[in-house]
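This report walks through a few local features of one protein chain, taking them one place at a time. Please keep the sequence and the structure beside the text and look up each residue as it is named.

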Amino acid sequence: MAFDNGKLQALRAKYSEGHGGELFDAAFRKVADKIFSKTGTRLAPYAGVPTFLTAPYMPVEADNPDFGNLQVAITGVPMDLGVTNRPGSRFGPRALRAIERIGPYNHVLGCAPVFDIRVADIGDVPFASRYRLEMSHDDIERRIGQIVDAGVVPLSVGGDHSITHPILKAVGRKEPVGLIHIDAHCDTGGAFDQTKFHHGGPFRNAVLDGVLDPTRTIQIGIRGSAEYLWEFSYESGMTVIHAEDVPGMGIAAVIEKAKAIVGNGPTYLSFDIDSLDPSFAPGTGTPEVGGLTTREVLELIRGLKGINLVGGDVVEVAPQYDATTNTAHAGAQVLFEILSLMVFSPSIAAKV
């Protein structure tokens, strides 16, 4: 239809007055009503005290925790004592909080997760020591255990990938969980340098502890020269999709495979930022060229809508190796996507 003066006048009559939050589409209006004030004001992305995804800040005591009526608790885990290469992911939680514009609306999944579920940034895991790795893991398990015991779903921001082992010990202690693991490395290596508690072995440890079901585990994006360390993945029954296989399979096939493997059971989603190619995310401790693109990762995660998520994490953002802040931005976006999935998770949706 040609654009004429009549069409222009109709647009002027409908849109000249009011403010940006006065929308006519019912779905968009529902979102805008949550975000805009009656006068058309919304929170400036650069203003206020930064929190994860601009979620409300709700500090929770270490010894007498009260999680109120939360459905999801986002917590920082600033600990990187388990790295094998470059340190610095202890600064990851602070970097993700400082990203000023993520969300609030997920146009693909059709939700505004910070408004659609009861979620808060509850602060960081309280650590007794900044020097002792095993003690830090105990502190992580204790804090995540408090969250789980309260019937709340944990969403964590690391920190190095060793943090996922104590998280899984808390999440899977009643029933082994399935896992969707997006990473450059399988992280199923054994002990070296006199310890098994490092970021190259959390998923071997979790399987051996009986909290992770390897037959319901899929690892996506794997690549690099450490392949010889990952025999445990294959021996235990995990499914491994290498980065080199993704273009040939296509993201849709990877999604279908992941959904088939985890099924309807309780599932944890762990995202290591080094799954992305370092051209997208150089700020990490163990970068591997040949990785996934940000567009592939977003399509992959969004395609998981409906899985029974009982927890998730974003790890290994080491912001000091990326002056552009792109790595932290990518990490915060993935955090937003995981939280968006939680809107549709059966275990969370049931907690009205």
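Ile167 touches Ile140, Ile144, Ser156, Tyr268 and Asp313, where residues up to four places away in sequence are not counted and contact means heavy atoms within 4.5 Å. This is a predicted model, in which local features need pLDDT of at least 70 and side-chain atom pairs count only at pLDDT 80 or more, while totals for chains, interfaces and linings use all residues. Residues are numbered from 1 along each chain as its sequence is written, and side-chain values use heavy atoms, with hydrogens and water left out.

Ile167 is placed in helix H6; helices (H or I, at least four residues) and strands (E, at least two) are DSSP runs, numbered from the N terminus. Is Ile167 buried or exposed? Ile167 counts as buried, because its relative accessibility is 0%, and the cut-offs are under 20% relative accessible area for buried, over 50% for exposed and in between for partly exposed (1.4 Å probe, protein chains only). Ile167 and Gly311 are 144 residues apart in sequence, and their C-alpha atoms are 8.8 Å apart in space.

Helix H5 (residues 133–149) and helix H6 (residues 164–171) have axes that come within 8 Å and cross at roughly 35°; such axes are lines fitted to C-alpha atoms, for helices over the stretch in contact, and the angles run from 0 to 180 degrees between N-to-C directions. The crossing in which H5 passes H6 is right-handed, a term used if the near helix is turned clockwise from the far one by less than a right angle, with anticlockwise giving left-handed. On the H5 side, the residues that meet H6 are His137, Ile140, Glu141, Ile144, Gly145 and Val148, and their partners in H6 are Pro166, Ile167, Lys169, Ala170 and Val171. Sorted by class, this contact of H5 with H6 has 7 nonpolar, 2 polar and 2 charged residues, where Ala, Val, Leu, Ile, Met, Phe, Trp, Tyr, Cys and Pro count as nonpolar, Asp, Glu, Lys and Arg as charged, and the others, Gly among them, as polar.

**Buried residues of helix H11**

In helix H11 (residues 294–302), the residues Val297, Leu298, Leu300, Ile301 and Arg302 are buried. The elements that cover the buried residues of H11 include strand E4 (177–182), strand E5 (212–222), helix H10 (251–262), strand E7 (267–272) and helix H12 (326–343).

**Aromatic rings and charges**

How many aromatic pairs does the structure hold? The structure holds 2 aromatic pairs, where rings of Phe, Tyr and Trp (its six-membered ring) pair if their centres lie within 6.5 Å, and planes under 30 degrees apart count as stacked, over 60 as edge-to-face and the rest as tilted.

| Aromatic pair | Centre to centre | Angle between planes | Kind |
|---|---|---|---|
| Tyr15 and Phe24 | 5.4 Å | 85° | edge-to-face |
| Phe28 and Tyr105 | 6.1 Å | 85° | edge-to-face |

Phe28 lies in helix H2 (residues 26–35) and Tyr105 in the loop between helix H3 (92–98) and helix H4 (113–116), so their pair ties together parts that are 77 residues apart in sequence. Phe28 is partly exposed at 43% relative accessibility, and Tyr105 is partly exposed at 29%.

Phe24 is partly exposed, with a relative accessible area of 49%, and the charged end of Lys14 sits over the ring of Phe24, 4.6 Å from its centre. A charge sits over a ring if NZ of Lys or CZ of Arg is within 6 Å of the ring centre and within 35 degrees of the ring normal. Arg86 lies over the face of Tyr321, at 4.2 Å from the ring centre.

**Features of the backbone in loops**

The peptide bond from Gly103 to Pro104 is cis, with omega near 10°, and Pro104 is placed in the loop between H3 and H4. A cis peptide bond also joins Gly158 and Gly159, with omega about 20°, and Gly159 lies in the loop between strand E3 (153–158) and H6.

Gln194, although not a glycine, has a positive phi of about 70°; Gln194 is in the loop between E4 and helix H7 (202–208) and is exposed, with a relative accessible area of 85%. Thr325 is likewise not a glycine and has a positive phi of about 70°, and Thr325 lies in the loop between strand E8 (309–315) and H12, where Thr325 is partly exposed with a relative accessible area of 45%.
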